[in-house]
Amino acid sequence: MGVLANIQTEMKDGRRVGESGSKLRDELARKGFNPVRVHPLWGRHGHSGFAIVEFKKDWDGFNNAIMFEKDFDSNHCGKKEYTETPMRDRGQRLYGWIAQEDDYKVSGLVGDHLRKNGDLKSVDGKQAEDQRKDAKLVSNLKSTLERKHDRLREMESRYKETSASLNKVMDQKEAMEKSYNEEIRKMQQNEHDHFEEISVEHEKATRLLLAQREELKQREKQLQRREVQNENDRLKLHHEKKMNERATLEQKRADESVLRLAEEQKREKEKLHKKIFDLEKKLDAKQALELEIECMKNSLQIMKHMGEDEDLDVKKKMDTVREELKEKKEELDGLEQLNQALIIKERKTNDELQDARKELISASTINHSTLHYKTLNVFCLRY
C-alpha cells in the first residue's frame, strides 16, 4: 500500500471535500503505477487530505509501489520532505510514499485504515512465506501426480482386461459365424440334392412315356399296313390309345405338379434366404449389443473406481450408464426371444415343406407304376 498526502480540499456545505478515489487512481495509472484502487480517508470534518493507494498483492504490485515512491522522491515529494516541510510551505504539491511500519502503527486515520485492511510484513518474511507456499504447492502437485499415475496404471490394467475380454468375444463370434455358415451350406446342399432327385425321377417317367408312345405309333402303323379289319383289334387299339392319352394327361399333371413344386421350392428358398439374412442381422445386432453391454459394464467399473474421490457429475454419469445398461439388457432379452421364435418358425416351415415334397414324390411314383402296369396288361391282352 501507498500513502498520498496533502490532497487539496475545499469547504462545501460545511464539510471538506476533495478529489475522488477513481480520479486519483486514473492519474496514477497514467503514470504507469497500475494501482488497484485509491481510498480517500474521511473523518468527522470531511476529507482528511490523505488517501491510501492499493497495489496488487504480488511482486509486480510491489514493483509498482517502489516506482510510485521513487517518482515522488525524485520530485522531492516523498515522506521525508512531507514531514520536514511546514504545512504552510507545502502548497498544492501532492506527496506520496510506501506505507511502512511507522505508518502502520501511527494513530489517526492512516494508521487505522492500514491496521484494519492490511498486514505488516517484511520483504524477507514475504519471500519466506512464498517459498513455503511454493513448497506446499509442489508437494501437493507431486502427491496429485502420483495419484494420477496410480490411477493411470489401474486404467491401463482395466484396459488390458477389457481388450482381452473383447478379443475373446470376437473369437466366439467368429466361431459362431463359421458354424452358422456351415449349417446354412449343408441346408442349401441338401435342398439342391433333393431337387436333383426329383428332376431325375421326372426325366425317367418322361422317357418311359415317350418310349411307350413311340411303340404304340409303330404298332398302329403295322396295323394300318396289314389293313387289319378285326373289330376287336381296332377296339383294343382304340383302348390302348385312350390309355395312352390318359397316361399322357396324368404325366402332364405330374409335370405341372413338378413345376409347382419347383416354383414352391424356389419361393421357399427365397423365404429361407430372407430368413437367413434376417437371422444374420439379428445375430449381428445381438452380438453388437453384447459387445456394447460388455463395454458399458467395464466403463461402469472404471467409473466406480474413479467415483471414490470425484464430484457429483461422475455419480450422475454412473447412474445414467446403469440406466442405459438396464435398457440394453432388456433389449438383448427381446432380441433373444425374437431370434428363438424365428428359428422355431423356420424349422416348422422346413418340416412342412419336406412332408409336402415326400407326399408329391410318393404320388408321382404311384402314378408311374400304375401306368406301366396298365400298359403291360394291354400288351398281354393283345398278344
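Modeller: A residue counts as buried under 20% relative accessible area, as exposed over 50%, and as partly exposed in between (1.4 Å probe, protein chains only). This is a predicted model, in which local features need pLDDT of at least 70 and side-chain atom pairs count only at pLDDT 80 or more, while totals for chains, interfaces and linings use all residues. Residues are numbered from 1 along each chain as its sequence is written, and side-chain values use heavy atoms, with hydrogens and water left out.

Colleague: Is Asp60 buried or exposed?
Modeller: Asp60 is found in helix H2, residues 59-74; helices (H or I, at least four residues) and strands (E, at least two) are DSSP runs, numbered from the N terminus. Asp60 and Asn34 are 26 residues apart in sequence, and their C-alpha atoms are 9.5 Å apart in space. Because its relative accessibility is 54%, Asp60 counts as exposed.

Colleague: What pattern does the protein follow along the sequence?
Modeller: The protein has eight helices and six strands. Read along the sequence, the pattern is β-β-β-α-β-β-α-α-β-α-α-α-α-α.

Colleague: What percentage of the residues of the protein count as buried?
Modeller: The protein exposes about 26,800 Å², and carbon and sulfur atoms supply 51% of it; accessible areas come from the Shrake-Rupley method with a 1.4 Å probe, and for residues only the protein chains shown count as cover. Of the 383 residues, the part that counts as buried is 26%.

Colleague: Which residues does His113 touch, not counting residues up to four places away in sequence?
Modeller: His113 is found in helix H5, residues 109-117. His113 is buried, because its relative accessible area is 15%. A contact means heavy atoms within 4.5 Å. Leaving out residues up to four places away in sequence, His113 touches His39, Leu41, Ile52 and Gly118.

Colleague: Among contacts between residues at least 6 apart in sequence, what percentage join residues at least 24 apart?
Modeller: The count takes in contacts in the protein between residues at least 6 apart in sequence. Of these, the part that joins residues at least 24 apart is 68%.

Colleague: What distance separates the C-alpha atoms of Gln251 and Ala205?
Modeller: Gln251 lies in helix H7, residues 231-306. Gln251 is buried, because its relative accessible area is 8%. Gln251 and Ala205 are 46 residues apart along the chain, and their C-alpha atoms are separated by 7.9 Å.

Colleague: How many salt bridges are there?
Modeller: Side chains of opposite charge can pair when their charged atoms come close. A salt bridge is a side-chain nitrogen of Lys or Arg within 4 Å of a carboxyl oxygen of Asp or Glu. By this rule the number of salt bridges is 13.

Colleague: Which residue forms a salt bridge with Arg37?
Modeller: The closest N and O atoms of Arg37 and Glu54 are 2.9 Å apart. The pair links distant parts of the chain, 17 residues apart: Arg37 is in strand S4 (residues 37-43) and Glu54 in strand S5 (residues 46-54). Arg37 counts as partly exposed at 39% relative accessibility, whereas Glu54 counts as buried at 15%. The salt bridge of Arg37 is formed with Glu54.

Colleague: Is Asp103 buried or exposed?
Modeller: The side chains of Asp103 and Lys79 meet in a salt bridge at 3.2 Å, N to O. Asp103 lies in helix H4 (residues 101-105) and Lys79 in helix H3 (residues 79-84), so the pair ties together parts that are 24 residues apart in sequence. Lys79 is partly exposed, with a relative accessible area of 23%. At 7% relative accessibility, Asp103 counts as buried.

Colleague: Which residues are linked with Lys79 in a network of salt bridges?
Modeller: The side chain of Lys79 meets that of Asp103 in a salt bridge. The network of salt bridges links Lys79 with Asp102 and Asp103.
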